[in-house]
Structure formats: C-alpha cells, structure tokens
Amino acid sequence: MTLRSKLAATAKYALLGAGVTVAATKALRAKAGELEPPLDGVQGTFRWRGMDVAYTEAGDEDDETVVLLHGINAAGSAGEWRETFAPLSKEYHVVAPDLPGFGRSERPPLRYSAALYEDFVRDFLAEFPGARVVASSLTGAYVLGVADDLDVAEVTLVCPTAVAGPEPPKPAIRELIRAPVLGDAVFGLLTSKPSIDYFNADHGYWDPAKAGEDWPDYEWRTTHQQGARFAPASFVSGFLNSDVDLASALADLDVPTTLVWGREADLPPLSTGRELADDAGCELVVFDDAMLLPHVEFGEQFVAVVAGERPGETVTVEQENGE
C-alpha cells in the first residue's frame, strides 16, 4: 500500500469515527431531553452578560431572603438544594440559581474562570441586599472572594474549598474537552451513568440512596445538554480554582458565619474544616454519617442550622465562636 493510500485510509476511518461520535452525541442529547426545573417554585431569569441565568424562588417576598448557591461539578445545578428549598420557603423567601454554564442556565462556549463566577455571585447577590447566603464547595470561595462588596446578613458555607482541580491548571485538559467531536466523546465518558454513580458513592453521599432514586438520572441529563461540557472543562482542568485564602477571608467577615461539614467528607476532609474554624474563629457544625452533601442527606436538620438552631441528632457543634 502506498503512502497516499495509507493516508487516505486513515482519513477515511477518522471521518467514520467522527461521524459515529457525532451521531452518538446527538442521540444521547435527544434521550436526555429538555431539562425541567429541579425545584418547585416560580421560575425566573436573571440576564447577566448576555446570558439567561435560570433561578427558582419560593416563599413570601416580605420574609427574609435566603440565597442558595450550588457547588461546582460536572453535573452541578440548583437541584443540589432539593431537600432544603421547600422547607426553607415556609419561613423565608428562598432563591436558588443555576450558575452560568450549568443546569437550565445558558451554556455558551466560554473559557469559564473563577473570576467570572466571583463576578456573577457579586452581581446576583446585589439583587437581594441583606440576604442570608448559603454556598456549597467551591462556590463558597467565590462568595468569600467578593465578600467586601456584599451586603449580606449571614453566611453558611458547606465544605468550602478553594481548590477542586489540578494546580497549576492544565490548559491541555481544558482544550481537549472543549474540542469539537473529541471533546464530546471525552466528556461523555466523564459523565456516564457509572461515573456519576461512582462520584455519588465515593465522595458525595455517605448513603447514596439518599440522593433519591431519580436524581442520578437528572444529573446525567444535565450533563448531556447542548454546551454542557464547557464550564466543566474549566473545572476539571483547574481553571475554576480560587486564589482566595479561605481562613483570612473568613476571619475578615463581619457577619455571623457557619461552616458545615459532613464527618466523612474527603474533598475536602473534616480536618480542613477544623483548621479553618480555628484560624478564623467561626462556628463549625458537623453532620455525622454524611459526606460533601449533608444538606441532601439530612435536609431537615440542615434547614434548622440555617435558621440558627442546633438539633442534637446527627449534628455536632465542634467549634462554636472560635472557642
């Protein structure tokens, strides 16, 4: 076989493989369908930098506002608050957005960054002055990064972290996932149903059954929407890591602040929470038999913590006001 014929055969099989990948991606998106809101309430849109950012709100607008900011992961959405949203709305005006690039919000092909999410957090919270803010994981660092610009009443952070990807960031990983065709294939592997089940069982939940029977399917569907890979591409490559010093930023807050941790969490572990509480002099509340998502595994008790109560069952106050 001549060199020309070898190249022609290689190109033929490459095109065939690309065609199969494109067809498979279209089929999976069709199967995923259009996402319904994961939370019951009034559905709204916040127009931000040319994007439509979806949010759900519920409760009496005359009541104190609680803004719930979900964490960053490949399947992130406001549905993270599905066990707390409705109970909180009985006493508060509750608002939960899908962050740009996630859930039912628009997902343009941006090179998403920590700075972008800090700007969004600042601008969105400006719409609700004096609110209580509850943020999960990496989004907690974004709240702390713009804390000087915020008018908030209280802050509750669930397993906050400034680092959730490689350091330094890996441009090659980001561009691989962003790439046409190949990027869809790689991201499809990262967000397959077995991969989602693995993350839920290994990091998310002490008891994966508490995720809910239908929730893993919703997670899969949200990762198979048009443009779903672009924000996670920045996440898994380290470009959403924050340069905020969490301990210093927490110490500088002049509003009541509570850290909440699952005792079995490993990303980051409880030891990190203890160090932050010691350094910043803030309260640390620990949920037994929980990992990164105690607000899902123990929704009722978490709602009580947000309201300022400290239920004894499953909940331990390991650090109170820095003592």
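Hi everyone, let's start with Phe 120: at 0% relative accessibility, Phe 120 counts as buried. Buried here means under 20% relative accessible area, exposed means over 50%, and partly exposed is in between, with a 1.4 Å probe and protein chains only.

A quick word on the source. This is a predicted model, where local features need pLDDT of at least 70, side-chain atom pairs count only at pLDDT 80 or more, and totals for chains, interfaces and linings use all residues. Residues are numbered from 1 along each chain as its sequence is written, and side-chain values use heavy atoms, leaving out hydrogens and water.

Now, the overall picture. The protein has 13 helices and nine strands; these are DSSP runs numbered from the N terminus, helices being H or I with at least four residues and strands E with at least two. Of the 323 residues, 52% are buried. Take the contacts (heavy atoms within 4.5 Å) between residues at least 6 apart in sequence: 75% of them join residues at least 24 apart.

Back to Phe 120. Which residue does its ring pair with? The partner is Phe 46: the ring centres are 6.2 Å apart and the planes at 65°, so this pair is edge-to-face. For the cut-offs, rings of Phe, Tyr and Trp (its six-membered ring) pair if their centres lie within 6.5 Å, with planes under 30 degrees apart counted as stacked, over 60 as edge-to-face and the rest as tilted. The pair links distant parts of the chain, with Phe 46 in strand S1 (residues 42-48) and Phe 120 in helix H3 (residues 114-125), 74 residues apart. Phe 46 is buried too, at 13% relative accessible area. Both belong to one aromatic cluster, together with Trp 48, Tyr 55, Phe 124 and Phe 128. The whole structure holds 13 aromatic pairs.

The charged end of Arg 174 sits over the ring of Phe 239, 3.9 Å from the centre, and Lys 193 lies over the face of Trp 220, at 5.0 Å from the ring centre. That requires NZ of Lys or CZ of Arg within 6 Å of the ring centre and within 35 degrees of the ring normal.

One last stop: Asn 200, in helix H7 (residues 193-204). Is Asn 200 buried or exposed? With a relative accessibility of 5%, Asn 200 is buried. Leaving aside residues up to four places away in sequence, Asn 200 touches Tyr 205, Pro 216 and Glu 219.
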